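The exercises below are for a reader new to this structure. Each gives a task, followed by a solution in steps.

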Amino acid sequence: MKQPIERDTVVIRFSGDSGDGMQMTGTLFTDTSAMIGNGVSTFPDYPAEIRAPQGTIAGVSGFQVRFGDRKINTPGDYCDTLVAMNPAALKANAKWLKKGATVVCDVDTFNDRGLDRAGFKTADPFAELDIADYNIIAAPITSMTKETLKEMPLDNKNVVKCKNMFALGICYYLSDMPLDHTIDYCRKKFNKTPDQAEANIMALRAGFNYTSNTHATANTYHVAPAKLPPGRYRTIGGNEATAWGFIAAAEKAGRPLFCGSYPITPATGILEELAKRKDLGVKTLQAEDEIAGICTAIGAAYTGSFAVTTTSGPGLALKSEAIGLAVMAELPLVIVDVQRGGPSTGLPTKTEQSDLMQALWGRNGECPVVVIAAGTPSDCFDYAFTAGKIAMEHMTPVVLLTDGFIANGSEAWKIPAMKDYPPIHPPILSSAPEGGYLPYKRDEERLARTWALPGTPGLEHRIGGLEKDFLKGSASHDPANHQKMVDIRAAKVKRVEEFIPEQTVIGASEGDLLVVGWGGTRGHLLSAVEALQAEGKSVSLSHFNYINPLPKNTARIFGKFKKIVVCELNLGQFANYLRMNFPEFDYLQCNKVEGQPFTVAELAEKFEKILSK
Amino acid sequence: MNIHNFTPADFKADLEVKWCPGCGDHAVLNAVQKALPEISETLDYAHERYTFISGIGCSSRFPYYMNTYGFHSIHGRATAIATGVKVANPGLSVWQVTGDGDALAIGGNHFIHAVRRNIDLNILLFNNEIYGLTKGQYSPTSKLGKITKTSPFGTVEHPFAPGELVLGARGTFFARAIDVDINLSKDCMVAAAIHDGASVVEILQNCVIFNDKTHSSITDREFRDERTIVLKHGEKMLFGRNKEKGLAMNGLGLKVIEPGKDGCTIDDVLTHDAHTPNAGVHMMLVNMRYPELPVALGVIRQVPDSTYNQNVQRQVDQIRGGARIRTMDDLLNYGETWEVAPAATE
């Protein structure tokens, strides 16, 4: 057997029909890679249709994983290995191949019909795509899976379902990885149907052995375990991390967690994860619509729960009026918007950052809310926690922005300990103060009102959406009072800047170019900036998680650079927001709205161009 | 069991009531303030347990006039907010005050789903068949052909019958009252509070400004006894000044008979069974219209069933009982994890 080639990072992309189990295959590969100590980062890229017509480009589902001997910031732009379970998958993903990459295909599907459905014009798709000289492993995956399982008491449908495991076995061989983790997984997952478990394991081993026997000349890679800080690790996905961050905040605050929500791609995973956690006392309510989702959460917040609602852009639009109510009632509430391509239904399964303005301003009246954004799958945990802390301690709605890329992506994560997280002290009032209870009296530090929970004797009071009296909270139409209330609601949100960390710079604190980004582009921006820094270029990165209010030192950072480029997956919403807040600086822009993340390569190229001008 | 001894005054907020003089809402407010002391005696509810949630509309001003916890929210959404309140804290006695526009037009979706889930809310539905606060447009309960500001030539749409909607959404409780009969309203509210589940009390209420006397053909004292029937579970369905008339089956429908006349006897008169899950007779009762039949008042349907809030709580308690994950740290370390040893680091 040929010695595997030592590599620092490798990118594999699994692709097939949306029913081929590519997401599962990719996840299993990622888990094995992480368990043997690699840094990992993943990117599921799947179609909006659950089962688009078989064999068509529209139905191609992909899952990209990058693993390496270090912490991995992005799932990688281009792949070293592509698994294509049918011609459509090959055609849709050929553009992501590195020069000379390995391509594993199920040639059983590369018949006239398959090639035709994928839109190939000739019988030689490799030549047609100009990749004939690449390292093609044309394996009859379907027929060999059938052959392997011919003795198993399974029907044809269940036999064919195992072909993804055969493909996974090929990838394990090519990546010099062990099978044990996936074997354990199959035994657990199919513990009630041992034949199914055994069939999957047989297919997995057959794929591994097939490659070892027939493709000993193919390039195999070995990636050493990552040099990560010591500790206990796990893989975590963005939506899961968001859900867990909320549970953590509820636990720290000593408040029950309530999630009122309505399913919407790509946010549904948060609701699904929270629904599992009845063991931690989480109550979830799948409402009749987006509006009821947030309104049940507002009701729960009124009673003293830490209440959250989860959605994506179209749902955020439906929730606007209710967010205004929460602003007026000054109740703690977190609204997560897992952004996707818009407008309207847009690109439901694709990523974008185009809801920023909606989050900031999309309501009637002067209606400020705190807006924060998570940057990577695992830091969804920290920012969900922080969103909860700010909401409860400052008595305000908080919009937490994530996006389809980080929500569905996953990475290796050093497991935190709850003792290392700060306490959360919601301003709950347990009895009427001297002189009577004033529902809208504020503490001077945060300008937050108190939280008086129904069921507490002596604190009976009324709140609502009509303008409130400055102290009593009763309805008031007094002109001067309205001015005062509008001002103080704005000041309350602004005051949050005293409680958030200062903005940081990665790299030198002054120089030629400052790259500015926010939210889920962090990994790509960081990789691009680090690559240029390694070449000695004067480039730094300042990546924002706190959007409203902005960190107090923002202008000081900007003032130290000759040029600033704001990079985001929209037409320039954050850039315009910065122009509004800090008009004294010039902002260059780097924007993309293809429903796909930036590539590191395109970013680096853009930055080089700016530097050379 | 505690003795509470509340009086209606204990539930009156220190705020001027600003509904129009002669508005039916005043009477409903009185009925609620009379009902709560009785509910506290019956169910041992402390004062701070009552929470009133409303949406938008004249009736939705209600919470401001109650010395209880109250939340005046946004148009149509009171049902959803009340749902969140009850699920998050099932110990509260949650009352939703709403109108025909708020509950059945903009809030129609939330309304039917709350009823379907059988969440333990007491929903007081003020039905005046008009939009009052926006000054006189037709509502989803306005009669076909009704002339209003937005239907100057008469409406061209069929109205909802709230009771029919409740039954259609598999509701477990429906009662109907009239604003001018405070004791009947109070009795319906007490029954609603006692019932575990979504209790809808429709109150035929008069808008003195924009739809005056819309219900007066049945609610006026001089012919109320003849044109309405107050139903009581287990009792014969009798009405009339001297209870001389009764309801009997007429093929697949209902008819009015007079026992002792035309060969009818008291045995022919139906006995009201509010507790039967079969909604057949209940559906006929909620749809009775004057002049063909008397309008049914009182508790028409009251069927015991599990509630959403109980089921949520039960599931949480059950799963928590045998849980391996008890803290956030447990969850963080649950499932597949691996150790990176210090030796492997630089």
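**Exercise 1. Describe the second largest pocket: its volume, its central residues and the elements around it.**

Solution. The model is a predicted one.
Step 1. The volume of the second largest pocket is about 910 Å³.
Step 2. Its lining counts 34 residues, and those closest to the centre are G19(A), D20(A), V160(A), K161(A) and K163(A).
Step 3. Two or more lining residues come from each of α1, α3 (112-117), α6 (156-160), α7 (163-174), α8 (180-189) and α9 (194-214) of chain A.
Step 4. Sorted by class, this lining holds 10 nonpolar, 14 polar and 10 charged residues.

**Exercise 2. Describe the largest pocket and find which element gives the most to its lining.**

Solution. 
Step 1. The space in the largest pocket comes to about 1600 Å³.
Step 2. Its lining has 46 residues; T27(A), E240(A), E272(A), K276(A) and N408(A) lie nearest the centre.
Step 3. Elements of chain A that supply at least two lining residues each are the strands β3 (39-45), β4 (60-68) and β9 (231-237), and the helices α1 (22-35), α10 (238-253), α11 (268-276) and α16 (404-408).
Step 4. α1(A) gives the most, with seven residues.
Step 5. In this lining, 18 residues are nonpolar, 18 are polar and 10 are charged.
Step 6. Domain 1 (5-223) and domain 2 (237-415) of chain A each provide at least three residues of the lining of the largest pocket.

**Exercise 3. Give the strand order of the seven-stranded open sheet and say which strands stand at its edges.**

Solution. 
Step 1. In chain A the order is β11-β10-β12-β13-β15-β14-β22, and the pairing is mixed.
Step 2. β11 (283-286) and β22 (546-548) of chain A are the edge strands; each has a single partner strand, so one side of each has no neighbour in the sheet.
Step 3. From one strand to the next, the twist averages 20 degrees.
Step 4. For one pair within the sheet, take β10 (residues 257-261) and β12 (residues 306-311) of chain A: they run parallel and are joined by three bridges.
Step 5. L257(A) is placed opposite F306(A) in β12(A).

**Exercise 4. How many cavities of 30 Å³ or more does the whole structure hold, and which residues line the largest cavity?**

Solution. 
Step 1. The search finds four cavities of 30 Å³ or more.
Step 2. The largest cavity has about 100 Å³ of space.
Step 3. R13(A), F43(A), Q64(A), P75(A), G76(A), D77(A), W96(A), H524(A), Q596(A), P597(A), F598(A) and T599(A) line the largest cavity.
Step 4. Five of these residues are nonpolar, five are polar and two are charged.
Step 5. At least three residues of the lining of the largest cavity come from each of domain 1 (5-223) and domain 3 (511-612) of chain A.

Terms used:
Residues numbered from 1 in each chain as written. Chains lettered and ligands numbered in written order. Predicted model: local features only at pLDDT ≥ 70, side-chain atom pairs only at ≥ 80, totals over all residues. Heavy atoms only, no water. 1 Å grid on protein atoms, 1.4 Å probe; cavity = no way out; pocket = protein on both sides within 12 Å on 5 of 7 lines; lining within 4 Å. Points joined across faces, edges and corners; volume = space filled by probe spheres on them. Helix = DSSP H or I, 4+ residues; strand = E, 2+ residues; numbered from the N terminus. Nonpolar A, V, L, I, M, F, W, Y, C, P; charged D, E, K, R; others polar. Domains from an automatic or database assignment. Pairing = 2+ DSSP bridges. Axes fitted to C-alpha atoms, helices over the stretch in contact; angles between N-to-C directions.
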